[in-house]
Amino acid sequence: MEESKRKTAVVSKTEMEKQREYCEKAASVISKRYQKKPLACVVTYGCQQNVADSEHIKGMLSQIGYSFTEERTEAKLIIFNTCAVREHAEDRVFGNVGMLKSYKRENPDVIIACCGCMMQQQHIADKIRQSFPFVDLVFGTHVVYRLPELLYSTLTRKKRVFELPDMDGAIAEGVPVLRDNDKKAWIPIMYGCNNFCSYCIVPYVRGRERSREAADVIAEAKELIESGYKEITLLGQNVNSYGKDLAPRVSFAQLLKSIAELDGDFRIRFMTSHPKDCTKELIETMAGCEKIAKHLHLPFQSGNDRVLKAMNRHYDRAKYLELIHYAKELMGDALSITSDVIVGFPGETYEEFRDTLSLVSEVKFTSLFTFIYSPRKGTPAAEMPDPVSAEEKGRWFKELTDLQETISAENMKKNAGRLFKCFVYGKGKLGDNYIAARTDGNLIIEFEGDENLIGTFQKIKVTEPLTYVLKGEMERNQL
């Protein structure tokens, strides 16, 4: 493959070597400071990209010499990896950080850190600086790879460390990773967003789109597959625009196909897609590759063209439905379609909201992720007139969720008696002896079985469709 000519910055090998040296320096400090191996607690909020970031954070901390706990009051280092997408998530962070004030007073050697999307907003960083003086370290989304250096500074300096550079970000390869699961993995393929939807803070806190080299992504996937991973999810704020900053250009469909052609028994998923960049090439690649899950998460946000334009989404209802119908034409009943919807966008009328209901009725989504509009400081939508009351938006929201619940129940009934190849991922909720599996289309089937099946593919027959999950039984002959 011809070497790409970068349009975005890449962290140099010299800088990455410098961070490895800081790992050793920080390790030396904590070995002298603590009598036994210290525990770290990494608390993650928000999307799968944050989960992937936290796995890299834990990878670096592991190299420095930390072990891990989920109990904050056992830890010598507590890191909150934050989300800025909704106000509720921000409130939870402030509340949970605030609860550690007395713990820090009683244990002054404990380090409390905040990172992630929230911290990349100046007004949030200022609030942490002024109202949470016991927080020792604050760093933004663009410098996660510099955690060894930042932690070393925190361990050896008397003053607090704030590292929140205003930049577009860079690709850092070779950051250690400690994965939460040994059979299911996240692979970030790109970072940032160029879309600037009028309600969304992500482009401001994650920076401009920047893609990892295809060869690096494929090599990581190959290593995971050879290590026994069965489900790999490719991540990006908008995976459909992957490769636009690479020369020669590699499209997302081409990247998907290259990974699907690797040897091994595995399944590929991806999120999140943007309709304006979703191509027929991608849909055809999904349909033509057995190892690519037939699950398309394609957020439409609103079914009304005027609202979509106000949202700065760059597609209309007709374009969205054209993509959906083409995908259904190629994949039929094998395809599962999910989406995101915002209810009560500033200026939205009830008649416009009814266009959302009609689109939901037409597409018949497997499931929806529904949200009442939450203003984000610094976005255009936050300055728009918003005359509809919260109570009224709540009524619209219930109308939408009631409709989708009916559709979901109808969709679930169609699966009665069907046989699915499923990835068994964990314990079930229907009973103590139930385990849970995920179909190619992202449906959940629970069945009675041994926990040693977790992390394997199994053929499961649906015996009873329930409201939100399917009940099934494992086919004894798996040949």
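Here's a quick tour, starting with how to read the numbers.

This is a predicted model, where local features need pLDDT of at least 70, side-chain atom pairs count only at pLDDT 80 or more, and totals for chains, interfaces and linings use all residues. Residues are numbered from 1 along each chain as its sequence is written, and side-chain values use heavy atoms, with hydrogens and water left out.

**Aromatic pairs**
- The whole structure holds 14 aromatic pairs (Phe, Tyr or Trp rings, taking the six-membered ring of Trp, with centres within 6.5 Å; planes under 30 degrees apart are stacked, over 60 edge-to-face, the rest tilted).
- Phe252 and Phe270 pair edge-to-face, because their ring centres are 5.2 Å apart and their planes meet at 75°.
- Phe300 and Phe365 are stacked, with 5.4 Å centre to centre and 10° between the planes.
- Both Phe300 and Phe365 are buried.
- Ring pairs join Phe300, Tyr315, Tyr320 and Phe365 into a cluster.

**Charges over rings**
- Lys25 has its charged end over the ring of Tyr22, 4.8 Å from the centre (the rule: NZ of Lys or CZ of Arg within 6 Å of the ring centre and within 35 degrees of the ring normal).
- Likewise, the charged end of Lys127 sits over the ring of Phe94, 4.0 Å from its centre.

Definitions and conventions: Buried means under 20% relative accessible area, exposed over 50%, partly exposed in between (1.4 Å probe, protein chains only).
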